[in-house]
Amino acid sequence: MSYLVKVLLPVGNDAGSILEPISHKLTETFGGVTMHVNAPAEGLWKNEGDVDWDRIVVVEVMTNNLDRAWWAAFRKELELALEQEEIVIRASEVERL
């Protein structure tokens, strides 16, 4: 069974400088990456009565093994680098057809 790992990555106007090192690291580690940069999503959430938003780029990686410790460390690295309280990384089992 394979896994599809998705990183919901908040980016600002300077997405290129954020995405380039991330895509390089994921490609080197997993052999490839897909980044949905031309159709970014918007994340909305309530924060102390206000509504905050982020522009979100979805980053996808296919992997045969789900190394939870590696992904947890990568998430912490991203949170520090991007000054975010939480970066969402989720994984789903995938059956190749």
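Aromatic pairs in a predicted model

The structure, a predicted model, holds five aromatic pairs.

Colleague: Why is the pair of Phe30 and Trp71 called stacked?
Modeller: The ring centres of Phe30 and Trp71 are 5.1 Å apart, and pairing requires centres within 6.5 Å. Their planes stand at 15°; planes under 30 degrees apart count as stacked, so the pair is stacked.

Colleague: What makes this pair a tie between parts of the chain?
Modeller: Phe30 lies in helix H1 and Trp71 in helix H2 (residues 68-82), so the pair ties together parts that are 41 residues apart in sequence.

Colleague: Why is Trp71 counted as buried, and Phe30 as partly exposed?
Modeller: Buried means under 20% relative accessible area, and exposed means over 50%. Trp71 has 6% relative accessibility, so Trp71 is buried. Phe30 has 23%, which falls in between, so Phe30 is partly exposed.

Colleague: How do you know that Trp70 and Phe74 are stacked?
Modeller: Their ring centres are 5.1 Å apart and their planes are at 20°. With the limits of 6.5 Å and 30 degrees, the pair is therefore stacked. Trp70 and Phe74 are four residues apart in helix H2, so about one helical turn separates them.

Colleague: Which residues form one aromatic cluster?
Modeller: Phe30, Trp70, Trp71 and Phe74 do.

Conventions:
Residues are numbered from 1 along each chain as its sequence is written. This is a predicted model: local features need pLDDT of at least 70, side-chain atom pairs count only at pLDDT 80 or more; totals for chains, interfaces and linings use all residues. Side-chain values use heavy atoms; hydrogens and water are left out. Rings of Phe, Tyr and Trp (its six-membered ring) pair if their centres lie within 6.5 Å; planes under 30 degrees apart count as stacked, over 60 as edge-to-face and the rest as tilted. Helices (H or I, at least four residues) and strands (E, at least two) are DSSP runs, numbered from the N terminus. Buried means under 20% relative accessible area, exposed over 50%, partly exposed in between (1.4 Å probe, protein chains only).
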